[in-house]
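Dear colleague,

Please find the structure below for your study. The message that follows sets out what was found in it.

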Amino acid sequence: MDTSLATHDNGHYQIRVMTKAELELAVSWAALEGWNPGLFDAESFYQTDPTGFLMGFLNDQPIACISVVKYPEQFAFLGFYIVKPDYRGQGYGYQLWQAGMASLVGYNVGLDGVVAQQDNYRQSGFQLAYRNIRFQGIVADDLPHQSSALVPLTDTHLLELRRYDRDCFAVPREAFLAAWLSQPQSWALGHYEQGQLLGYGVVRPCQRGYKIGPLFANNAEIAQTLLLGLLRHLPTASEFFLDTPEINTEAVALAQRFGMQSVFETARMYTDKAPEIAIGKVFGVTSFELG
């Protein structure tokens with residue numbers, strides 16, 4: 001994509017598409033912000049849209065980043081909007097935001113923003129759809145045995161997985177799913193009854209503890225079975241996190257049944273109307289960075 005250049009009193013500022021190595025740097029910045037990204041998320045993000053990550057450079061030094069990942073069917077998701085602390089309030093982030101949004105003209109753009117920033121996002125055309133709640137829990141030492149309905153997911157399940165995922169996400173995301181399922185040290189389970197996939201979940205290691213996402217299921221009982229199955233693969237007493245849409249009350253209730261505590265919230269917002277998905281199947285959001 002075209003890059004934008006600007007000259008400031010304190011130097012030269014350039015915005016361009018990140019390399020894969022620079023995306024790893026952006027993930028490390030997100031960790032410093034307390035967002036707790038997955039240890040191996042960058043590869044999955046990059047495979048989704050290699051042109052969808054922008055970085056701002058002042059005198060050739062990286063100081064800001066944003067993701068503007070484009071999916072099929074004119075849908076996009078914005079995230080990773082970070083300016084290094086020493087450079088905030090000087091207009092660098094705003095220029096990066098403008099460059100990112102300029103690349104998404106004609107797209108319905110989603111984001112998971114800090115609740116306190118909702119007014120700023122509204123000024124750029126975003127409207128609130130619902131809130132997401134991050135819950136934190138501790139893996140118990142007395143989990144029941146894994147259900148026989150659960151099957152480890154591999155590349156051989158990708159076709160039916162894509163079909164199921166399409167009900168729960170705005171658009172098809174084939175490249176992302178293939179990369180997400182193959183993350184190192186991750187574990188993916190599907191719930192099958194009579195040969196039919198009725199839900200699936202993925203757990204992956206993060207900077208702190210583990211995150212479960214997505215967690216998609218036809219109902220709360222299947223979601224609970226999947227959650228228990230995923231937790232059985234984690235060390236006892238380790239921390240785990242689940243990001244739930246507040247409007248799915250059964251998802252919130254599931255987290256609470258596991259003794260999880262609310263630790264963070266985001267505002268899910270879109271520039272157009274919220275995509276039509278089966279929100280009742282969404283018990284855990286995939287990621288706050290890519291939707």
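Helix α2 is largely enclosed by the rest of the structure, because 6 of its 8 residues are buried. Please bear in mind that this is a predicted model. The buried residues of α2 are Asp41, Ala42, Ser44, Phe45, Tyr46 and Thr48; here, buried means under 20% relative accessible area. The elements that cover these residues include helices α1 (20-32) and α6, together with strands β3 (53-58), β4 (61-71), β5 (75-83) and β10 (196-205).

**The packing of α2 with α6**

In general, two packed helices are described by the angle between their axes and the distance between the axes. For α2 (residues 41-48) and α6 (residues 174-181), the angle is about 160° and the axes are 8 Å apart. Angles over 145 degrees count as roughly antiparallel, and α2 and α6 are therefore roughly antiparallel to each other. Their crossing is right-handed.

On the α2 side, the contact is made by Asp41, Ser44, Phe45, Gln47 and Thr48, and on the α6 side by Ala175, Phe176, Ala179 and Trp180. By type, the residues of this contact comprise 5 nonpolar, 3 polar and 1 charged.

**The annotated spans**

An unreviewed UniProt entry lists "domain: N-acetyltransferase" for residues 13-144 and 148-276. In the model, the span 13-144 is 29% helix and 38% strand, and its end C-alpha atoms lie 56 Å apart. The span 148-276 is 31% helix and 35% strand, with its end C-alpha atoms 32 Å apart.

Yours sincerely

Technical notes
Residues are numbered from 1 along each chain as its sequence is written. This is a predicted model: local features need pLDDT of at least 70, side-chain atom pairs count only at pLDDT 80 or more; totals for chains, interfaces and linings use all residues. Side-chain values use heavy atoms; hydrogens and water are left out. Axes are lines fitted to C-alpha atoms, for helices over the stretch in contact, and angles run from 0 to 180 degrees between N-to-C directions. Helices (H or I, at least four residues) and strands (E, at least two) are DSSP runs, numbered from the N terminus. Angles under 35 degrees count as roughly parallel, over 145 as roughly antiparallel, 65 to 115 as roughly perpendicular and the rest as oblique. A crossing is left-handed if the near helix is turned anticlockwise from the far one by less than a right angle, and right-handed if clockwise. Contact means heavy atoms within 4.5 Å. Ala, Val, Leu, Ile, Met, Phe, Trp, Tyr, Cys and Pro count as nonpolar, Asp, Glu, Lys and Arg as charged, and the others, Gly among them, as polar. Buried means under 20% relative accessible area, exposed over 50%, partly exposed in between (1.4 Å probe, protein chains only). UniProt positions are given in the numbering used here, feature names are shortened, and annotations may be inferred rather than shown by experiment.
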